[in-house]
Amino acid sequence: MSLQQARSRSWFGFDLDDTLHEFRRASANASTHVFKAIHSSNSQISIDTLKTTYQGILRNTTANAFADGRTSTEYRRERFGRLLQVHGLTGLNHFLGPGNPLLDRLLDLYRDSLRESLALKPGVLHLLQTLRRLGKKIIVITEGPADAQEWTVQELGIWRYIDVLVTTNEVGRSKVDGLFGVVLDRYGIYSDDIVYFGDNEVRDVQAAREEGILAVHYDEKQGSQLDDINALRVNSWDVVEKVLVRGE
């Protein structure tokens with residue numbers, strides 16, 4: 001079995017962050033703007049120190065893959081609030097809810113910087129257009145707050161090509177906790193009628209395969225592998241389009 005068999009499938013599924021767009025790069029850039037703003041208000045705390053602290057906070061606050069139903073603003077307020085707490089920057093009343101001037105400014109700065117940094121992976125737009133032309137249905141199955149992921153696909157300009165967008169936040173399960181099975185049942189999709197692409201071998205590829213889905217690892221750092229059903233891999237979206245359109 002090879003990737004060419006995907007040509008007959010009705011549904012094409014994708015992860016979002018770092019699969020269809022450069023999330024890590026955009027998020028890192030937006031976070032750096034926040035660190036610089038904090039540093040400018042208190043030069044004794046270095047940007048590198050803030051970055052290290054924030055990385056630890058991220059590890060501790062994203063373990064549930066955003067499956068607890070909160071909004072992106074609530075998650076970000078929690079993370080940046082903890083960052084301020086660790087470095088004693090909460091103010092005299094230690095209030096970190098809506099209305100804290102510094103925290104509200106940081107949240108706005110992060111969102112605006114993120115918007116400016118968003119960028120599709122090369123070939124994504126053309127691939128989605130091709131799938132539309134071929135009559136395929138497109139579903140994005142992603143981990144993250146529903147409001148943030150909806151905002152992201154709108155800002156990226158690909159909302160019009162997506163038939164279904166499902167997030168862990170909406171369903172209440174992570175990818176490794178049964179999200180794919182729930183999606184198949186909810187939208188009446190047969191596992192042998194969908195192919196799914198994602199950048200994470202465990203959370204995307206392995207989890208999808210456990211539900212009988214033809215899953216393909218998107219990995220820009222390795223060569224494409226198109227013939228081994230147990231190790232399907234693509235390193236660019238141009239490769240996928242060649243398989244779909246020309247059967248190469």
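Accessible areas here come from the Shrake-Rupley method with a 1.4 Å probe, and the structure shown in every view is a predicted model.

**View 1. Overall fold and surface of the chain.** The chain holds ten helices and six strands. Its radius of gyration is 20 Å, close to the 18 Å that the globule rule gives for 248 residues, so the chain is as compact as a globular protein of that length. The C-alpha trace spans about 65 × 30 × 30 Å along its principal axes. The accessible surface of the chain comes to about 11,900 Å², with 45% of that area belonging to carbon and sulfur atoms, while buried residues make up 49% of the 248 residues. Among the contacts in the chain with a separation of 6 or more, 64% are accounted for by residues 24 or more positions apart.

**View 2. The salt bridge between D15 and K175.** D15 forms a salt bridge with K175, and the closest N and O atoms of the pair are 2.9 Å apart. Because D15 lies in the loop between β1 (11-14) and α1 (23-41), whereas K175 lies in the loop between α7 (168-171) and α8 (179-187), the pair ties together parts that are 160 residues apart in sequence. Both D15 and K175 are buried.

**View 3. The salt bridge between E22 and R25.** The side chains of E22 and R25 meet in a salt bridge, at 4.0 Å from N to O.

View 4. The side chains of D199 and R24 meet in a salt bridge, at 3.8 Å from N to O. D199 lies in the loop between β4 (194-198) and α9 (201-209) and R24 lies in helix α1, so this pair ties together parts that are 175 residues apart in sequence. R24 is exposed, with a relative accessible area of 55%. Salt bridges that share partners also join D108, R111, D112, R115 and E155 into one network.

**View 5. Charges over the whole chain.** Side chains of opposite charge can pair when their charged atoms come close. A search of the whole structure finds 17 salt bridges.

Note on methods. Residues are numbered from 1 along each chain as its sequence is written. This is a predicted model: local features need pLDDT of at least 70, side-chain atom pairs count only at pLDDT 80 or more; totals for chains, interfaces and linings use all residues. Side-chain values use heavy atoms; hydrogens and water are left out. Helices (H or I, at least four residues) and strands (E, at least two) are DSSP runs, numbered from the N terminus. Buried means under 20% relative accessible area, exposed over 50%, partly exposed in between (1.4 Å probe, protein chains only). The radius of gyration is taken over C-alpha atoms; the globule rule is 2.2 Å times the number of residues to the power 0.38. Contact means heavy atoms within 4.5 Å.
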